[in-house]
Amino acid sequence: MKPTAIFSAAILLAASLCPAQDAAPPEPDRAVVFSAMGCGPYTPPDWEPVRGFVAKLSAEKKSEFLVHLGDIIGGKVSSVTGVDRAYCAKIRELLTAGSDLPTFIVPGDNEWNDAKDPDAAWMAWKAELGDLDQRTKCPWPVQRQTGRDENFAFTRSGIAFVGINLVGGRVHDKEEWKLRHADDAAWIKERLASDGLRGAVILC
């Protein structure tokens, strides 16, 4: 079993971007501290450590937000049992219960294209996890890509955070794969064209 990967990060200046000459002055530079996790929880024994981690983040008030970078179930398990709404709802509960931390998620291959029934798994993911930031009442504006609302973006202290649907695993439809990657690239390009940015973080 692959262990759950959990880490915290402080972003100071990811990249130098040139704002338009008539752009409003950017916010004063400051560190943007957030927490990220991925590759789990895979099995019920992993659930309580995740619950404890989320509770600790919420209590400490050091991270501005939490993001899950995909793979909410083990690949071998998903290929046999699939992923349903009940399982996705359990993950949502683990990531949000008792926490006031804005929380985001991007899809992973284990819960989508490597699942036993990819279409059913994707519907379950979108229904229970696709609007996670809204369920956690994120207090700042979050943009969604038209036609691909799993792709999101927001800005904190001049840093653009851009979430995209970029999974590995099986390719079921080459045209869908190609189109989705083109959409991802267009979304990143669009968000990085915003005025006043001093850096960017791509979440995938």
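Figure 1. At a relative accessibility of 12%, Asp 71 counts as buried (under 20% relative accessible area; exposed means over 50% and partly exposed in between, with a 1.4 Å probe and protein chains only). Asp 71 lies in the loop between β3 (66-68) and α2 (75-81), where helices (H or I, at least four residues) and strands (E, at least two) are DSSP runs numbered from the N terminus. Its phi is near 70 degrees, a positive value in a residue other than glycine. Most residues other than glycine have a negative phi, and most peptide bonds are trans. The model is predicted: local features need pLDDT of at least 70, side-chain atom pairs count only at pLDDT 80 or more, and totals for chains, interfaces and linings use all residues. Residues are numbered from 1 along each chain as its sequence is written, and side-chain values use heavy atoms, with hydrogens and water left out.

Figure 2. Lys 137 is found in the loop between α5 (132-135) and β5. Its phi is near 55 degrees, again a positive value in a residue other than glycine. Lys 137 is exposed, with a relative accessible area of 67%. Gly 40 and Pro 41 are joined by a cis peptide bond, with omega at about 0 degrees. Pro 41 belongs to the loop between β2 (32-38) and α1 (44-60).

**Figure 3. Packing of helices α3 and α4.** Two packed helices are described by the angle between their axes and the distance between the axes. For α3 (residues 85-96) and α4 (residues 118-129), the angle is about 35 degrees and the axes are 8 Å apart. Axes are lines fitted to C-alpha atoms, for helices over the stretch in contact, and angles run from 0 to 180 degrees between N-to-C directions. The crossing of α3 and α4 is right-handed (the near helix is turned clockwise from the far one by less than a right angle; left-handed if anticlockwise). Arg 85, Cys 88, Ala 89 and Arg 92 of α3 meet Ala 124, Trp 125, Ala 127, Glu 128 and Leu 129 of α4 in this contact (heavy atoms within 4.5 Å). By class, the contact has six nonpolar, no polar and three charged residues. Ala, Val, Leu, Ile, Met, Phe, Trp, Tyr, Cys and Pro count as nonpolar, Asp, Glu, Lys and Arg as charged, and the others, Gly among them, as polar.

**Figure 4. The open sheet of β5, β6, β7 and β8.** Four strands form an open sheet in the order β5-β6-β7-β8, with mixed pairing; two strands pair if DSSP finds at least two bridges between them. The edge strands β5 and β8 (199-203) each pair on one side only. From one strand to the next, the twist averages 20 degrees. Helix α6 (residues 174-192) lies across β5, β6, β7 and β8 and runs at about 20 degrees to β6.

**Figure 5. The hairpins on either side of β6.** Strand β5 (residues 143-145) and β6 run antiparallel and are joined by three bridges, and Gln 143 stands opposite Ala 153 in β6. Two residues separate β5 from β6 in their hairpin, where Gly 147 in the turn has a positive phi of about 85 degrees. β6 also pairs with β7 (residues 159-163), in the antiparallel sense over five bridges; Thr 155 has Ala 160 in β7 as its bridge partner. The hairpin of β6 and β7 has two residues between the strands, and Ser 157 takes a positive phi near 50 degrees there. Because seven of the nine residues of β6 (residues 148-156) are buried, this strand is largely enclosed by the rest of the structure.

**Figure 6. Strand β7, covered on both faces.** Five of the five residues of β7 are buried. Ile 159, Phe 161 and Gly 163 lie on one side, and Ala 160 and Val 162 on the other. β7 pairs with β8 in the parallel sense over five bridges, and Phe 161 stands opposite Val 201 in β8.
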